[in-house]
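Subject: Structure for you to look at

Hello,

Here is the structure I promised to pass on. My notes on it follow below.

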Amino acid sequence: METFKKNKGTLSKLGLLSLFIIILSAAGCGGGKEKKSVVTGDAAGKVYVAPGKYDEFYEFLSGGFSGQVSVYGLPSCRLLKVIPVFAVNAENGYGFTEESKAMLNSTHGFIPWDDSHHTELSMTDGKPDGRWLFINSNNTPRIARIDLSTFRTTEILEIPNSGGNHSSPFTTENTEYVVAGTRFSVPITGNKDVPINSYKQNFQGTITFVKVDKTTGNMGVAFQILMPPFDYDLSHSGKGPSTGWFFFSCYNTEMAHTLLEANASQNDKDFIAAINWKKAEEYIAAGKGKSFPSEYYHNKLDEKTHMTTSEVLKNTIMLDPKDCPGLVYLMPCPKSPHGADVDPTGEYIVGGGKLATVIPVFGFKKLQKAIEAKDFIGDVNGIPIVKYESCMAGEVQKPGLGPLHTEFDGKGFAYTSFFVSSEVVKWKLGTWEVADRIPTYYSIGHLSIPGGDSKSPWPKYLLAMNKITKDRYLLTGPELNQSAQLIDITGDKMKMLYDFPTIGEPHYAQGIAADLVMKNQVKVFKLEESTHPYVCRQEKDTRVERKGNRVDVYMTSIRSHFAPDNIEGIKVGDEVYFHVTNLEQDWDTPHGFAIKGSTSSELLIMPGETQTLKFSPKTADIYPFYCTDFCSALHQEMQGYMRVSPANSNVPLSFSTGKE
Amino acid sequence: MKKASSLIVLVASFAMIASLFMPLWDIQLEAPQYPEGLDMQIWLDKISGDVATISGLNHYIGMKPISASMFPEFGYMKTIVIGVIVTGILVALLRKKWLYVIWFAAFLGIAALGIYDFWNWEYDYGHNLNPHAAIIVPGMSYQPPLIGCQQLLNFNACSFPTTGGFIIIGAGSVCFLVFAYELFFNRKSRGSLIKSSPGFVASR
């Protein structure tokens, strides 16, 4: 492993020094007086979507540390919705209601927050199909599935044997699998109580393939591959000729466990791991996988009962590349690669080396030839390392500083984001020549072209998602929203169109033609189809039932009253469950429910839905409740009272509506 | 009665069978917050469409919730129309002018009664309001139009016949033409009406 020994020379120090100079000088320029806007000509007209008209594309942005997904329309850049996924959302009760709580269950208990990283649309024939959106949580490893007919999180699967889930949840061409790769390697197969500095001996990574059911979308861990203790960063599925393969970028091939900013930046080249998942399926079928005891949660929302339930699973199947020749190969990639992006033809795999001075592009045909010829220069734990020159198809020279992530327009061009030089660079596949470049404000992370990682992109717009905002908008104190810019990519030259603040920190976004999602939209939940255990389909079924100190209120809401709206006989020490069914069957007529002193959230109940708020009143008092969503001309009258008496009182349980 | 006349009456009668399985009348409501509109169809034996939503909205102004039980007519309307059809077919086959005139007059009378009955319901629905309604606009009533459009508070209500209604109106119209023709132009057999006696064979 000559090539991958630590490069201890002064060279790397010089490299680091020059990077500091670049960053410092960039900071110097950024402080200039003149703020750049650089829009030309008819930019305003291109993003103008007249009132009442629809956008061409849905764009799903990950929320990063917000834990959610935000949905924008392109080209107007109007915010359409924020979908709660990995963080509780008091606004609609997500994570608070009895129905939704279980969605955030994990082996660590109920988790109210996570760091959501990469949105990925389900695909059919290598193209986004508009059915589901997947997103990973980086902190406590999980994958969520959002149903795009309701824009709701309908499933969360915990990823076992993982120290953090970053290179996820990228999908195969027909959504056979979504994947997960460990950002942080941790002890997996052996004793977990080990010194941190025994990293190289005791730590491991895993790559997980999660099977997705074709019709329901339900996820389940299919198998895991035990990997060397690197950091697995990003990934993409092969397509066309590279069908059956998956490519994962890895950094920290130095296997450092401390001060990674220096210690994990020593090797000239890290790797992109090429995984043959068709081969993995063969090995599993041949019984090469080992049953591996693991505990993990699987939380699912049932559309009919409106309830989320958790299931605890106890096992996975682990494949060790040592026992499975031909399963994994490592392609050397300069330097600390981030993106591993496959072009629309499926032939090229573009690496984005954060500290690299070139953009390396790997050729799938060359890789296959090199594997056939066993053109290897060593191995890591039995995984062959392919000779760089033998799998590299070309390098884009002097592209910029800090290449991160690449998407494609399907017309032969690639667009790569550059964090350090804060720009998007357009270059040609095959000739590897830079065609155009455009600055972003400031320090772009990811970029997105609708369908830009699929077989057939919609080559109209590119969204640049930036990490630094500073002076782009009216100032809001020290904490600023992140910024995004919309760029027109229809011409030879890229054109800046628009600039807008985003929610959380988008790490990636995916876009899709609007009609593919619009056609599936649910407008109301059908009341007659509800099998919620506490549903009340009509007002005359409303009631209050006591079992010990548990009181169930079967309540309905319709414009503009609750039934019942007077409740008496509740005592201090009772646990009151308000099961509120929204009887409306009309589009866009939600009702809210809030009660004074509740230590939970509100309920926001869609037409035909039942939602439950648990309330334990602490003192004897009269507690008003009311509708929180302006539902009608008499919304302000939509209110009621609950009388709570002392624990020892004899007030009988009673309830009524409209009784004088 | 001419052969052509009787054929037309036969076809018109058969065509009316379709009206048993189609809505007759359509009331459409549009408001600023209902750009997609609300729709209610009236059949011979039921109402369909956004009835629950319309009732939900109308309760603010004190209108009764619309339900099938408000229309005792639903119990016998179909039978009456079937009667008109069957007798229409018989009249066409018998080809007696006087029978036809009686039949057509009855048809016309039933149609007029039906429309009057519908108007009557609309009047009651729009005027007989709950005195405890949340919104009471002095002097305001909410009778939907029989045919045409009318602004009722924030709603523009439009009422028109639809498929089944058009079929009956169409059938009625051609039967009227036959009636007019037989009475005023088919004079050769005019006597048949006056002389009308069983067994009399009209000019063939």
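Pro169(A) is found in the loop between β9 and β10 (177–181) of chain A; helices (H or I, at least four residues) and strands (E, at least two) are DSSP runs, numbered from the N terminus. The peptide bond that joins Ser168(A) to Pro169(A) is cis, with omega about 0°. This is a predicted model, in which local features need pLDDT of at least 70 and side-chain atom pairs count only at pLDDT 80 or more, while totals for chains, interfaces and linings use all residues. Residues are numbered from 1 along each chain as its sequence is written, and chains are lettered from A and ligands numbered from 1 in the order in which they are written.

A cis peptide bond also joins Tyr441(A) and Tyr442(A), with omega about -10°. Tyr442(A) lies in the loop between β28 (434–439) and β29 (444–448) of chain A.

Most residues other than glycine have a negative phi, and most peptide bonds are trans. Asp125(A), not a glycine, has a positive phi of about 55°, and is found in the loop between β6 (116–124) and β7 (127–137) of chain A. Asp125(A) is exposed, with 11 other C-beta atoms within 10 Å. The classes are buried (20 or more other C-beta atoms within 10 Å of the residue's own), exposed (12 or fewer) and partly exposed (in between), with C-beta atoms placed from the backbone. Asp588(A) has a positive phi near 60° and lies in the loop between β38 (575–582) and β39 (591–595) of chain A. Asp588(A) counts as partly exposed because it has 13 C-beta neighbours inside 10 Å.

Strands

In chain A, strand β16 (residues 290–301) pairs with strand β9 (residues 152–158) in the antiparallel sense over three bridges; two strands pair if DSSP finds at least two bridges between them. Leu157(A) stands opposite His298(A) in β16(A). β16(A) also pairs with strand β17 (residues 308–319) of chain A, antiparallel and over 10 bridges, and Ser291(A) stands opposite Ile317(A) in β17(A). β16(A) and β17(A) form a hairpin with six residues between them, and His306(A) in the turn has a positive phi of about 65°.

Cores and domains

The largest nonpolar core has 128 residues, and those with the most contacts inside it are Val210(A), Ile272(A), Ile275(A), Met331(A) and Ile487(A). Such a core is a set of buried Ala, Val, Leu, Ile, Met, Phe, Trp, Tyr and Cys residues joined through C-beta atoms within 7 Å. A second, separate core of 29 residues includes Tyr534(A), Ile567(A), Ile570(A) and Cys631(A).

Chain A is divided into domain 1 (2–518) and domain 2 (527–656), with bounds from an automatic or database domain assignment. Their centres, taken over C-alpha atoms, are separated by 44 Å. The contact takes 12 residues from domain 1 of chain A and 17 residues from domain 2 of chain A; residues are in contact if their C-beta atoms, placed from the backbone, lie within 7 Å.

Chain B

Five residues of chain B are in contact with six residues of chain A. In helix α2 (residues 51–58) of chain B, the buried residues include Thr53(B), Ile54(B) and Leu57(B). The buried residues of α2(B) pack against β35 (550–558) of chain A, together with β1 (25–31) and β2 (34–42) of chain B.

Regards

Definitions and conventions
Contact = placed C-beta atoms within 7 Å.
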